[in-house]
Amino acid sequence: MLRREREAAGVALSALASRLKVTKGYLSRLETGKTLPSADMVVRIAKILGADSAALSVLAGQLPADVQEILQSHPVEALDLLRESYSARDEAAPICHDSVGAVGPAEAAGELGTRSELSDNSVMSLRQYETVLGDCLEWLAERPESSIHAVVTDPPYGLREYTEPEKAKLRAGRGGVWRIPPSFDGCTRAPLPRFTVLTDQDQQALADFFARWARLVFKVLVPGGHVFVATNPLVSQLVYAPMLDAGFEKRGEIIRLVQTLRGGDRPKNAHKEFSGVTVMPRSAWEPWGLFRKPCEGRVQDNLRKWQTGGLRRISADQPFTDVIKSAPTRNGERAIAPHPSLKPQAFMRQIVRAALPLASGIVLDPFMGAGSTIAAACAVGYRSIGIEMDPEFYRVAVAAIPKLARLTLNGSESCRPVTTSQSSLFLLH
Ligand SMILES: C[S@@+](CC[C@H](N)C(=O)[O-])C[C@H]1O[C@@H](n2cnc3c(N)ncnc32)[C@H](O)[C@@H]1O
């Protein structure tokens, strides 16, 4: 900005240096961001060039208290806000700063490098993700239109599982819709919700909830933004139909191939009599509905304007595909993030990565749980926002996200950067 202002004012570097009584080298370091001016210097420069000293001060890291407050309470959007206010669009580099020690994708390394010149700037202490304790419906209602680029989420489907009395029983380890299955192979398994048959009334209540949710998600997503929504084969219609009604296009389903230990496939109390009968297939997959808010014009136009409309390829030669082998969430991850529905990082990193075709934008998880989506976003270098209504799960997520994001190939926690190279995405299985 300083250089632009100087050139626009028709002042040569040497002339400005002599008026300020500083060296040309110092000015050149200011213009390339290698050093930051004092507040007094900003005012003097702005006066000579007839430039906006407030804008220059912000770029020099001297944020007025009210601006600092706004930015601190909106860390995810802060840099876009600053960039849009003070910088030329084409000079803007995607934000890859993080708070967890994991760096962004290898291809973002250059961008990180260019931003490191601002390392003393208070903007750099802003975080890559934001967590919100609250009801996502309320949050979505307040959120501006077209301000989220993808949603990756795993909503609650039981009407009772996440009610206060049931969560109390889950936490006490007895009774309720949650049951602790017997230990298996020496490992105590995580609680699973009992198979509960939803009445017509329950189903209507869920459909109403998702209808409201889908309309709000439609509003906050940019055109071309994708939604990955976890479900199961028995209830997927309860979320898919409201998504279509809200205006989304169905773009397929991601099949997470996962063998669970859930039983219930034989006729109850008559399994000896009907030993050759299975009542319903034992599920070996988990569907993730894939939806898209319609693009504005052609996909290529939408990609240019909103950075959305498609999915990110695994590599130039390999498209993202819709069947992903997975495994139940490992005990190591469960120990970091004790939540009954925790999704595994190996899988989450693959779908979160695919959600932003140009690796640019904000991923939202409105049902954050223990934060597996947000951790995956950190691991692949994306900005994200997670919302969780339950204070205890929220606390779990806040503590777990940095640790899950740092998990490396062999599952141990490490401060080594997590990369998004193909191997690290897949070896976590
Ligand atoms: C199925 S779990 C998500 C688990 C998550 N995928 C993970 O890996 O930890 C759904 C979560 O949504 C939360 N939740 C339910 N209703 C909510 C609402 N209206 N707003 C925000 N969070 C909600 C529940 O407390 C629960 O933690």
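Predicted model: local features only at pLDDT ≥ 70, side-chain atom pairs only at ≥ 80, totals over all residues.
**Exercise 1. Getting your bearings**

How many helices and strands does the secondary structure of the protein chain come to?

*Solution.* Residues are numbered from 1 along each chain as its sequence is written.

Step 1: Count the elements. The chain has 18 helices and 10 strands, taken as DSSP runs (H or I of at least four residues for helices, E of at least two for strands) and numbered from the N terminus.

Step 2: Check burial. Of the 429 residues in the protein chain, 38% are buried. A residue is buried if 20 or more other C-beta atoms lie within 10 Å of its own, exposed if 12 or fewer, and partly exposed in between, with C-beta atoms placed from the backbone.

Step 3: Turn to contacts, meaning pairs whose C-beta atoms, placed from the backbone, lie within 7 Å. Among the chain's contacts with a separation of 6 or more, 71% are between residues 24 or more positions apart.

**Exercise 2. Helix α15 and its partner**

Find out how many residues of helix α15 are buried, then describe how α15 packs with α16.

*Solution.* Step 1: Go through residues 345-355. Here 11 of the 11 residues of α15 are buried, so the helix is largely enclosed by the rest of the structure. Among them are Phe347, Ile351 and Ala354.

Step 1: Get the geometry. Two packed helices are described by the angle between their axes and the distance between the axes. For α15 and α16 (residues 372-380), the angle is about 65 degrees and the axes are 8 Å apart. Axes are lines fitted to C-alpha atoms, for helices over the stretch in contact, and angles run from 0 to 180 degrees between N-to-C directions.

Step 2: Name the arrangement. The two helices α15 and α16 are therefore roughly perpendicular to each other (under 35 degrees is roughly parallel, over 145 roughly antiparallel, 65 to 115 roughly perpendicular and the rest oblique).

Step 3: List who touches whom. From α15 come Gln345, Met348, Arg349, Val352 and Arg353, while α16 brings Ser372, Thr373, Ala375, Ala376, Ala377, Ala379 and Val380.

Step 4: Sort that contact by class. There are seven nonpolar, three polar and two charged residues. Ala, Val, Leu, Ile, Met, Phe, Trp, Tyr, Cys and Pro count as nonpolar, Asp, Glu, Lys and Arg as charged, and the others, Gly among them, as polar.

**Exercise 3. Around α2 and α3**

Describe the packing of α2 with α3, then visit the loop between them.

*Solution.* Step 1: Helices α2 (residues 13-20) and α3 (residues 24-31) pack at about 110 degrees, their axes 9 Å apart. That makes α2 roughly perpendicular to α3.

Step 1: In the contact, Leu13, Ser14, Leu16 and Ala17 of α2 meet Lys24, Leu27 and Ser28 of α3. These divide into four nonpolar, two polar and one charged.

Step 2: Lysine 21 lies in the loop between α2 and α3. Lysine 21 is exposed, with 7 other C-beta atoms within 10 Å. Most residues other than glycine have a negative phi. Lysine 21, though not a glycine, has a positive phi of about 60 degrees.

Technical notes. Contact = placed C-beta atoms within 7 Å.
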